[in-house]
Amino acid sequence: MVGLAALLGVLVAALAVPSQQQEAVANANLTLGEVVTVEVQYHTDNGYIQFLLCDSESCSIIEVRGATPEGVLWFNSYTGCNKDGNACFYDNDASFYRKANQSDYTMFKDNETHVFEVQKRPSELVLWVKGKYSDATRLAVPASGRRFLVRPAEGPSRLPVKIMAESSSLTFSWSDMVYCDSNQFKCKDGPCVKLLDRCSGTKECEDGSDEFLCDQIPETNISVGDILTVRLKFKNDSGGVGFLLCDFNTCSKIHVDGSAPNGALSFTAYTGCNSIGGNLCTVARSDHPAKWTTFPTGDLTFEVQRRPSELAVWLENHADKKVTVPVWRGSDRLRVRPHFWRSEMTVDFDGPHCGSAPLAPVTLTVNGEEADLGVYPWHAAIYERFPDTRKYICGGSLISRTMVISVAHCFYRNFEVQPANKYDVGLGKLYSDWQHDEVTTVFKSEVKRILSHPYYQGERRQYGDDIALLELKKSVQLSDYIQPICFDEELVMNTGDNIRVVGWGGGLTKLESVNLTYQSFSSCLNEIQSSPHEVKYVTADKFCTFRARGVNRPAGVTQGDSGGGAVAKRGARWFLVGLVSVRMNKEKIFGFTDVSKHSKWTVGAMDGGSSRNVTIQRQRRSVV
């Protein structure tokens with residue numbers, strides 16, 4: 001065993017001090033909690049100044065020989081020494097320099113006087129430069145140790161030392177006697193626990209103080225489709241920000257700790273966390289982009305969107321750099337907390353919410369009547385670009401700051417999707433003319449990418465999977481006139497439910513709306529039997545409506561309405577349920593792509609995947 005110790009380099013026998021010199025060593029007995037001041041006149045031939053705390057059988061030693069201008073000590077530490085302070089074990093983890101680079105240190109100079117303070121605590125000795133308590137050095141010591149000594153490590157010179165007791169030091173409580181590292185939390189009753197255990201949901205302090213006030217995490221409700229702005233006062237010692245989406249018992253969490261110059265976030269995503277995002281989390285994914293740095297202290301602004309089956313987070317004005325985490329169904333509580341709970345973090349949540357129309361009257365327009373500006377703020381106009389003009393071709397619906405959802409057949413020619421640079425999108429518009437800007441908040445953008453469902457093949461597959469996403473080149477600026485529609489895969493629709501469709505179909509120049517009645521897939525099949533050659537167009541991802549009687553618009557839905565959203569109201573919110581796809585039976589029956597059947601593909605495409613490599617769930621199709 002002696003040989004093993006030698007190989008490890010931990011046995012130090014060179015600390016022996018001549019017995020005649022030991023007799024002259026300055027010493028004192030320390031009581032628990034006592035602080036003493038040690039004044040030393042240093043001589044360079046003494047090497048290190050050694051501070052020992054011993055019981056009757058063993059000693060521990062801190063030896064110092066320099067410090068930074070801020071008072072951080074340059075030191076070695078030893079444990080397991082014999083009662084004379086010799087034959088020690090070197091503490092490699094704590095020694096030499098711990099809180100600064102070696103180049104920052106200055107060695108003590110000859111004949112300089114240095115003043116230190118020392119405290120005996122339960123099982124440890126704490127040493128610091130007088131007045132620099134925050135940079136204290138600690139050493140494990142014998143629990144019963146009381147004998148305190150100060151001596152030179154080398155040389156024949158006697159080391160002039162004064163040890164002076166501080167009268168106020170004898171009134172320390174247990175809590176005062178415990179010094180916690182910067183990565184630890186100090187319990188009210190004294191002990192230290194990991195800083196990550198603060199607000200973890202599990203009591204690590206005996207008095208439970210590590211969980212005090214942790215139920216006061218800033219939170220707000222968020223529905224599927226909602227985009228919220230989150231503004232916070234950040235402190236860089238917080239270790240990052242946690243965004244949690246929770247149901248009653250569990251949370252998913254995105255921990256963001258910094259960003260790259262291009263706005264890409266450094267993050268780790270977790271699932272299965274407890275209700276405050278603490279213990280029992282499982283890492284889902286993480287990424288740390290090149291050149292990322294931690295957030296500085298100051299104001300930070302993020303945007304958050306609740307999507308079907310996931311939470312998305314991005315820095316303001318960087319929606320193309322979003323990060324996501326899977327979430328449980330029914331999760332609707334957004335909570336934002338510091339990663340390390342050193343102090344409270346001010347958080348403000350700001351809308352708008354999805355599916356709301358701030359400028360709409362209590363009752364929206366009736367069948368076939370003209371709409372008012374801002375009544376349908378999610379509705380998008382899609383234009384095809386020509387050399388001297390832009391022509392309105394289809395409708396769509398805004399579902400995020402950079403995504404509009406529509407149908408694939410609007411962009412499908414000669415059995416392939418057309419290039420994205422042929423199309424533009426307008427939002428906040430009442431008139432279909434590209435040049436007619438009703439308000440200054442009208443938003444226009446070129447299309448960056450078109451993501452068509454990979455199974456869509458037009459007539460060859462009876463217009464099944466008729467759905468597409470348009471990624472915009474610019475991030476949408478939301479306003480009272482422009483807001484996203486809610487999109488919830490769990491929304492239940494029944495035959496007879498009211499839905500609403502808006503559009504510029506039939507050559508209209510001003511937006512109109514029509515109320516229609518939802519018909520399920522089976523109800524649609526029964527109705528279409530009178531037109532058997534069109535049954536094939538009622539694919540399994542469709543629902544239908546029948547032409548409303550007595551409406552001003554002759555057909556209710558007509559050419560030019562394609563891609564527009566069919567929306568249903570639940571409470572005060574409007575939800576996207578379908579997309580205008582096909583007209584059948586002499587324009588008496590209208591087929592809509594059921595967006596709930598494509599939620600998995602939609603979410604995957606929104607996350608930046610190619611429409612060809614997104615994992616999708618195959619639909620069972622009727623054979624007719």
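A salt bridge is a side-chain nitrogen of Lys or Arg within 4 Å of a carboxyl oxygen of Asp or Glu. Keep that in mind for this tour of a predicted model, where local features need pLDDT of at least 70, side-chain atom pairs count only at pLDDT 80 or more, and totals for chains, interfaces and linings use all residues. Residues are numbered from 1 along each chain as its sequence is written, and side-chain values use heavy atoms, with hydrogens and water left out.

**The whole protein**

Start with everything in view. You will find four helices and 41 strands; helices (H or I, at least four residues) and strands (E, at least two) are DSSP runs, numbered from the N terminus. Of the 624 residues, 54% are buried. Here buried means under 20% relative accessible area, exposed over 50%, and partly exposed in between (1.4 Å probe, protein chains only). Take the contacts (heavy atoms within 4.5 Å) between residues at least 6 apart in sequence: 66% of them join residues at least 24 apart.

**Salt bridges**

By the rule above, the count comes to 22 salt bridges. Side chains of opposite charge can pair when their charged atoms come close.

Select Glu310 and Arg307 next. Their closest N and O atoms are 3.3 Å apart. Are these two residues buried or exposed? Glu310 is buried, because its relative accessibility is 6%, and Arg307 is buried too, at 2%.

Move on to Glu384 and Arg413, a salt bridge whose closest N and O atoms are 3.0 Å apart. Glu384 sits in strand β28 (residues 379-386) and Arg413 in strand β31, so this pair ties together parts that are 29 residues apart in sequence. Glu384 is buried at 8% relative accessibility, while Arg413 is partly exposed at 31%.

Now pick Arg449 and Glu471, with 2.8 Å between the closest N and O atoms of their salt bridge. This pair links distant parts of the chain, 22 residues apart: Arg449 is in strand β34 (residues 443-452) and Glu471 in strand β35 (residues 468-472). Arg449 is partly exposed at 26%, and Glu471 is buried at 9%.

For a network of salt bridges, select Arg121, Glu124 and Arg138 together.

**Two loop residues**

Which residue lies in the loop between β6 (73-82) and β7 (88-90)? It is Ala87, whose phi is near 55 degrees, a positive value in a residue other than glycine. Ala87 is partly exposed, at 34% relative accessibility.

Finish at Phe415, in the loop between β31 (412-413) and β32 (416-417). Phe415 has a positive phi as well, near 65 degrees, and is exposed at 55% relative accessibility.
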